[in-house]
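Visitor: I am new to this structure and would like to learn how to read it. Please start with the ligand.

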Amino acid sequence: MQPPVGRNGLLWSDWMKGSWNEKNGSMQAENTNPGKNLLSAGGIVQYYGPVLQQAKASAYFQALLHGIAWKNDEAVIFGKHYITKRKAAWYGNEGYAYSYSNTTKQALAWTPELVELKKLVEERSGASYNACLLNLYHNGGEGMAWHSDDEKSLVPGAPIASLSLGAERRFSLRHRQTGETLSVMLEHGSLLVMKGDTQTNWLHSLPKALKVKDPRINLTFRTMKE
Ligand SMILES: O=C(O)CCC(=O)C(=O)O
Ligand SMILES: [Mn+2]
């Protein structure tokens, strides 16, 4: 099994030490570059690259595609009710209610796959999480507009760990004051972590990418106030 080649100007082998764990399909490795912050100032965003063997990532993609209680996402913006083409689902520890975009969602109980993925991202990011928002983008015609994950129900500054499965998509960040913008391609099985003041100073988005025909699932593990 060859380790994957990064799409972001880095060779995986340049910054990873270790080997694939064939048993559970995860990269049994010491990531030598987890601390590299993509942001110039005002927050911390770390891209870890793939943390799952590609076949294992594909198996999780299929399990989540068929096993998650997907619903079209709803938003109320300037009093107008929108239903997105994108689907979403909300899982968490104890039936947490989660409010965003003026809608409230009740958390469902963790599935076995989500428990495994939560453990993996907790190990890699060195933080723990009590909830997860999942998004299903059927193709590149679906994305997510500029926003920050700064809802009152979240612990401010707590890491948000974003795991990507399926089609590779561009993830963009824009500084609220300076307008500085940067992007990273989120690979199949990859992990990105946002923490510190990122949600205060930066917006993020998943731009539409009309050439992309394949679906993508994103999981953001979060920490809700208890
Ligand atoms: O799909 C993504 O990578 C971003 C998702 C996101 O920003 C969110 O769920 O708040
Ligand atoms: Mn977000």
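Guide: The shell around ligand 1 is made of five nonpolar residues, five polar and one charged. Here Ala, Val, Leu, Ile, Met, Phe, Trp, Tyr, Cys and Pro count as nonpolar, Asp, Glu, Lys and Arg as charged, and the others, Gly among them, as polar. This is a predicted model, in which local features need pLDDT of at least 70, side-chain atom pairs count only at pLDDT 80 or more, and totals for chains, interfaces and linings use all residues. Residues are numbered from 1 along each chain as its sequence is written, while chains are lettered from A and ligands numbered from 1 in the order in which they are written.

Visitor: Which residues are around ligand 1?

Guide: A residue is near a molecule if its C-beta atom, placed from the backbone, lies within 6 Å of it. Around ligand 1 these are Leu133, Asn135, Met144, Asp149, Ser162, Phe171, Leu186, His204, Leu206, Asn218 and Thr220. Two or more of them come from each of strand E9 (131-137), strand E15 (202-206) and strand E16 (216-222). Helices (H or I, at least four residues) and strands (E, at least two) are DSSP runs, numbered from the N terminus.

Visitor: How many helices and strands does the protein have?

Guide: There are four helices and 16 strands.

Visitor: What is the order of the strands in the open sheet?

Guide: Two strands pair if DSSP finds at least two bridges between them. The open sheet has four strands in the order E10-E15-E12-E13, paired antiparallel. Strand E10 (144-147) and E13 are at the edges with a single partner strand each, so one side of each has no neighbour in the sheet. From one strand to the next the twist averages 15°, with axes fitted as lines to C-alpha atoms and angles running from 0 to 180 degrees between N-to-C directions.

Visitor: How many bridges join E12 to E15?

Guide: Four bridges join this antiparallel pair, and Leu173 has His204 of E15 as its bridge partner. On the E13 side, Leu173 stands opposite Leu182. Strands E12 (residues 169-175) and E13 (residues 181-186) are antiparallel over six bridges. They form a hairpin with five residues between them, and Gly179 in the turn has a positive phi of about 80°. E10 and E15 are joined by two bridges, and His147 stands opposite His204.

Visitor: Why does Arg216 count as buried?

Guide: Arg216 counts as buried because it has 25 C-beta neighbours inside 10 Å. Arg216 lies in strand E16. Leaving aside neighbours within four places in sequence, its contacts are Tyr137, Ser164, Leu165, Gly166, Ala167 and Arg169, a contact being two C-beta atoms within 7 Å.

Visitor: Which residues touch the most other members of the largest nonpolar core?

Guide: Nonpolar side chains tend to be buried together in soluble globular proteins. A nonpolar core is a set of buried Ala, Val, Leu, Ile, Met, Phe, Trp, Tyr and Cys residues joined through C-beta atoms within 7 Å. In the largest one, of 41 residues, Cys132, Leu134, Ala161 and Leu191 touch the most other members. E9 gives this core its largest share, six residues.

Technical notes. A residue is buried if 20 or more other C-beta atoms lie within 10 Å of its own, exposed if 12 or fewer, and partly exposed in between; C-beta atoms are placed from the backbone.
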